[in-house]
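Thanks for coming, everyone. Let me put the structure up on the screen, and then I'll walk you through a few parts of it.

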Amino acid sequence: MTEPTPVFVQRDDRDGVCTLTLNRPDKLNAVNPPLFRQFRAHLDDIAANGSHLGVVVLRGAGRSFCAGHDLSEISGMGLDWLKFESMTLELLSQLPQVVIAAVHGHCMTGGLELALAADFIVCAESASFADTHAKWGLVPAWGGTQRLPRRVGAAKAIEIMSTCRRYNGREAERMGLANACFADAEFDAALQRWTAEILANSWHSLAANKRLIVETDGMTLHAGLAHELIRSPGSKPRNLP
């Protein structure tokens, strides 16, 4: 009898929120190919059939968000697989929904790159952020050299990547890596408040605002203003006061 495939990414759609939970808690949710294939399948489905969703939350099971690549399974991964992983994170970043990385515990290296592909990060005080590519002679392939400096500035990004130092949740909040940091006991309730606050607004506006910001990243102000005017999907006013 064939054993059932383990569920490495749990999905829960509820009240407009899709929660994707990385589910290898015994490995601190380190990423391996089976997990990544399941993750991609969920993203493909959300992209194609996610009109009932306004927010996507990415988090980890157990005591960590994600410890990065499972180094015991990284050998033999070729360029095609790395491209698949990189494009999967690009798909995450391009979803029309607001994507939140909810980080507790370890958020290391590839796990940090995964969190950076979200629109923003909220974290618990227990969070531990680090980029340790340089410890292992590795170079980021999931956007670390691009998204991290855009989040915290080039000088801070080089510090993070050069020292391989760990930063706690409060430090991540102060440098702008995380948008907000909450006490561990309050984390889940605070996350629910954030998602409810977002979902109370126009999903049409949320998707349009995100798309226009993404599309104009790197443009001059003049070009961005023209793009906003021409590429806007138009407004869908609610009942105004």
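Predicted model: local features only at pLDDT ≥ 70, side-chain atom pairs only at ≥ 80, totals over all residues.

Residues are numbered from 1 along each chain as its sequence is written, and side-chain values use heavy atoms, with hydrogens and water left out.

Have a look at β6, residues 120-124. Is it buried or exposed? Five of its five residues are buried, so β6 is largely enclosed by the rest of the structure. Buried here means under 20% relative accessible area, with exposed over 50% and partly exposed in between, using a 1.4 Å probe and protein chains only. In a regular strand the side chains alternate between the two faces of the sheet. In β6, Phe120, Val122 and Ala124 are on one side, Ile121 and Cys123 are on the other, and both faces are covered.

What does β6 pair with? Two strands pair if DSSP finds at least two bridges between them. β6 runs parallel to β4 over four bridges, with Ala102 standing opposite Val122. β6 also pairs in the parallel sense with β9, residues 180-182, over three bridges, and there Val122 stands opposite Ala180.

While we're on β4, let's stop at Val98, which sits in that strand. Val98 counts as buried because its relative accessibility is 12%. Setting aside residues up to four places away in sequence, Val98 touches Gly54, Val55, Val56, Asp119, Phe120, Ile198 and Leu206; contact means heavy atoms within 4.5 Å.

Leu206 takes us to helix α8, where it is one of the buried residues, along with Ala208, Lys210 and Leu212. What covers them includes α2 (79-94), β4 (98-103), α7 (187-199) and α9 (221-231). α8 itself, residues 203-215, has 13 residues and reaches 18 Å from first C-alpha to last, close to the 18 Å expected at 1.5 Å a residue; that expected span is 1.5 Å times one less than the number of residues. At its N-terminal end α8 is capped by Ser202, with a side-chain oxygen 3.3 Å from the backbone nitrogen of His204.

There's also an open sheet of three strands, in the order β5-β7-β8, with mixed pairing. The edge strands are β5 (106-108) and β8 (167-168), each pairing on one side only. β7, residues 128-130, pairs with β8 in the antiparallel sense over two bridges, and Phe129 has Tyr167 as its bridge partner in β8.

Last stop: Ser64, in the loop between β3 (55-60) and α2. Why does Ser64 count as buried? Because its relative accessibility is 1%. Its side chain joins that of His106 in a polar contact of 2.5 Å. By polar contact I mean a pair of N or O atoms within 3.5 Å; within protein, one must be able to donate a hydrogen and the other to accept it, and residues adjacent in sequence count only if both atoms are side-chain atoms. Beyond its neighbours within four places in sequence, Ser64 is in contact with Leu28, Asn29, His104, Gly105 and His106.

That's it from me.
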